[in-house]
Amino acid sequence: DDRRRDGSADLDAVAAVVAALAPLGVPCVTNGNVRAAEDVLANLSSTGAAGIMVAEHILRDPAVFRRSIGLAEAKADDQAAVQEAKGGPSELDGGDGRGCAASAAAAPRSLELVAEYMHLVER
């Protein structure tokens with residue numbers, strides 16, 4: 001019996017579950033639609049989930065989390081450079097000084113744990 005679903009994960013549904021459980025303090029983990037390091041950040045950003053799981057792609061690309069951490073750091077650095085050049089919050093972040101940089105910098109806590117694990121495994 002093949003119980004695999006067809007098509008992409010419904011990240012809007014994940015975001016709705018995250019929003020419904022947030023007032024109760026229940027963290028949610030998202031899963032699906034990860035085929036590259038960029039997808040890790042996009043998934044976390046669009047769903048607001050506290051963490052992310054990756055199944056199939058991690059078997060083909062075990063370093064996907066490590067690269068997504070690098071991307072998050074680069075986005076945060078780019079956002080900081082834009083803010084510095086403009087002398088304040090950027091229009092890229094909605095003017096609150098957080099936006100892209102905040103989501104790129106805040107989402108990786110779960111990715112930091114993966115990086116710690118990868119570092120331990122390399123020893």
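How many salt bridges does a search of the whole structure find? The search finds one, a salt bridge being defined as a side-chain nitrogen of Lys or Arg within 4 Å of a carboxyl oxygen of Asp or Glu. It joins the side chains of Asp61 and Arg67, with an N to O distance of 2.2 Å. Side chains of opposite charge can pair when their charged atoms come close. Asp61 is buried, at a relative accessible area of 15%, whereas Arg67 is partly exposed, at 39%. Here buried means under 20% relative accessible area, exposed means over 50%, and partly exposed lies in between (1.4 Å probe, protein chains only).

The model is predicted, so local features need pLDDT of at least 70 and side-chain atom pairs count only at pLDDT 80 or more, while totals for chains, interfaces and linings use all residues. Residues are numbered from 1 along each chain as its sequence is written, and side-chain values use heavy atoms, with hydrogens and water left out.

The chain contains six helices and two strands, arranged along the sequence as α-β-α-β-α-α-α-α. These elements are DSSP runs numbered from the N terminus, with helices (H or I) of at least four residues and strands (E) of at least two. Of the 123 residues, 28% count as buried. The accessible surface of the chain comes to about 7900 Å², and carbon and sulfur atoms hold 56% of that area; the areas come from the Shrake-Rupley method with a 1.4 Å probe, and for residues only the protein chains shown count as cover. Among contacts with a separation of 6 or more, 46% link residues 24 or more positions apart, where a contact means heavy atoms within 4.5 Å.

The chain averages 76, and 62% of the residues score at least 70. Helix α1 (residues 11-21) has the highest confidence, at a mean of 94, and helix α5 (residues 99-106) the lowest, at 45. Over residues 90-105 pLDDT stays under 50, and the model has 27 contacts beyond four places in sequence for this stretch. Where pLDDT is low, the predicted coordinates should not be read in detail.

The largest nonpolar core comprises eight residues, namely Val34, Ala37, Val40, Leu44, Ile52, Val54, Val64 and Phe65. Such a core is a set of buried Ala, Val, Leu, Ile, Met, Phe, Trp, Tyr and Cys residues joined through side-chain atoms within 4.5 Å. Phe65, in helix α4, is buried at 9% relative accessibility, and its C-alpha atom lies 9.3 Å from that of Val54, 11 residues away along the chain. Val34 is in contact with Asp39, Val40, Asn43, Ile52, Val54, His57 and Val64, leaving aside neighbours within four places in sequence.

Which residues of α2 are buried? They are Ala37, Val40, Leu41, Asn43, Leu44 and Thr47. These residues lie on the same side of α2, because they cover an arc of only 160° around the axis, the arc being that of the directions from the helix axis to the C-beta atoms.

The backbone on either side of this helix also deserves a look. Asn33 lies in the loop between β1 (29-31) and α2 (37-47) and has a positive phi of about 65° although it is not a glycine. Asn33 is partly exposed, with a relative accessible area of 22%. Following α2 comes Gly48, with a positive phi near 75°. The C-alpha atom of Gly48 is separated by 9.9 Å from that of Val17, 31 residues apart along the chain. Val17 belongs to helix α1 and is partly exposed, at a relative accessible area of 43%.

Strand β1 contains Asn31, which counts as partly exposed at 36% relative accessibility. Not counting residues up to four places away in sequence, Asn31 touches Ala9, Asn43, Met53, Val54 and Ala55.

Conventions:
pLDDT = per-residue confidence, 0-100.
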